[in-house]
Amino acid sequence: MNLHEYQAKELLKRYNVPTQEGIAVSNVDEALNAYKQISVENGTKFAVIKAQIHAGGRGKGRMVEVPDQSGVAVIKSAEEVEKVARNILGNTLVTVQTGEVGKKVSKLLVAQDMYYDGPSEREEFYLSILLDRAKKQNVIMYSTEGGMDIETVAHDTPEKIYKEWVQPGFPLQPFQARKIAFNLGLSGTAFKNMVKFVTNIYNAYVGLDCSMLEINPLFKSADDKILAVDCKMNLDDNALMRHPDLADMRDKTEEDPTEVEAGEYNLNFVKLDGNVGCMVNGAGLAMATMDMIKLAGGEPANFLDVGGSANAQTVEAGFRIIMKDPNVKAILINIFGGIVRCDRVAAGVIDAYKTLGNINIPIIVRLQGTNAEAAKDLIVNSGLEVQSAILLSEAAELVQKAVSN
């Protein structure tokens, strides 16, 4: 589950991680009030406004309605706050990570400006924590090249990226935190503050059950304070049962509507860009089915696993979700009946037909396993325009014909 920057910073504070102070707002009046409060608290007219979306590259992005406006702006007056807030709120922000479709901005973060004092002894670093699956350990990646795309740093100057691995179940050791601060070239008070920062940020990563935590830039101020100026945080969905308060932070407006709807029916659904919708039970069979669609000359339009507890209602819901994609030219239903009974799936297909009315694209159904014969009888006797297949190769041939027409 992705979090907004302002949400991630709120959580970091629970673990005594210093962050850039800011106030989340959702309209122009709130933005003006937040600016006044931040100006008074920091004794400067400078502040920064950041669009809150689940994507990076906001500072280099553009608003569709106001192309010369990016998603991040430094402001120094109430007039500028009002102008920038009106340009961003309710409009669509396009970045390298959103693609041309962009994301609608519903919230802003009005934050203290860290750079108003001009050139100084400040520095920017990069730090992230995630699971290294190859080593089966958590890894802290860090670099002196903060504020830049880490991909560019990794490509052009890989020697500037350091890694420190930590065994799951064990805390970050003091010598490791000191090693990180040393490799970043710090000394004195800044060194001590970085050791505390790294220790606390790792505790936050573990304590919040994060799957990814990125700080870029990690900021050293002129007076040697260490702060998280930006933060990307992704929480492990499988661990949310331990954090009911964190589950409430989910912003469904940032997610694909069809994936949200699928989640409400306990369907594992991922939207893709192809032309063949597929409904399968079991992730392995779903992957094999998608491969088969590719070999047949089609492109999968989605990954949809109905799971082991599927019934007529969930199958109908899955069918309805697939049909919402205008690019779908055919639907392949590939069910191996084990825990899931094939007759339940067949009943769901029939119910979906009745609910959705006239369906003008080919439906190919392959049902094998528990109650497969009963399922076939249900479909045959329904009078529906459904093509039945026994072998996977037969289903592939029918898919090929469907996408070729």
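This is a predicted model: local features need pLDDT of at least 70, side-chain atom pairs count only at pLDDT 80 or more; totals for chains, interfaces and linings use all residues.

Colleague: Why is R58 with D230 called a salt bridge?
Modeller: The closest N and O atoms are 3.2 Å apart. The cut-off is within 4 Å, for a Lys or Arg side-chain nitrogen and an Asp or Glu carboxyl oxygen. So the pair R58 and D230 qualifies.

Colleague: What makes R58 and D230 a tie between separate parts?
Modeller: R58 lies in the loop between β2 and β3, and D230 in the loop between β12 and β13. These parts are 172 residues apart in sequence, so the pair ties them together. R58 and D230 also belong to a network of salt bridges with E5, K9 and K50.

Colleague: Why is R58 called buried?
Modeller: Its relative accessibility is 8%. Buried means under 20%, so R58 counts as buried. D230 has 16%, and is therefore buried by that cut-off.

Colleague: What makes E261 and R320 a salt bridge?
Modeller: Their closest N and O atoms are 3.8 Å apart. That is within 4 Å, so the label holds. E261 lies in helix α8 and R320 in helix α10, so the pair ties together parts 59 residues apart in sequence.

Colleague: What makes the backbone of N16 worth a look?
Modeller: Phi of N16 is near 60°, a positive value in a residue other than glycine. Most residues other than glycine have a negative phi. N266 also has a positive phi, near 60°. N266 is in the loop between α8 and β14. At 67% relative accessibility, N266 counts as exposed.

Colleague: Which peptide bond is cis?
Modeller: The bond from N216 to P217 is cis, with omega near 10°. Most peptide bonds are trans. P217 is found in strand β11.

Colleague: How do you know that side chains alternate along strand β4?
Modeller: A73 and I75 point to one face and are buried.

Colleague: What makes β2 and β4 a pair?
Modeller: Pairing needs at least two bridges. β2 and β4 have four, in the antiparallel sense, so they pair. I49 stands opposite A73 in β4.

Key:
Residues are numbered from 1 along each chain as its sequence is written. Side-chain values use heavy atoms; hydrogens and water are left out. Helices (H or I, at least four residues) and strands (E, at least two) are DSSP runs, numbered from the N terminus. Buried means under 20% relative accessible area, exposed over 50%, partly exposed in between (1.4 Å probe, protein chains only).
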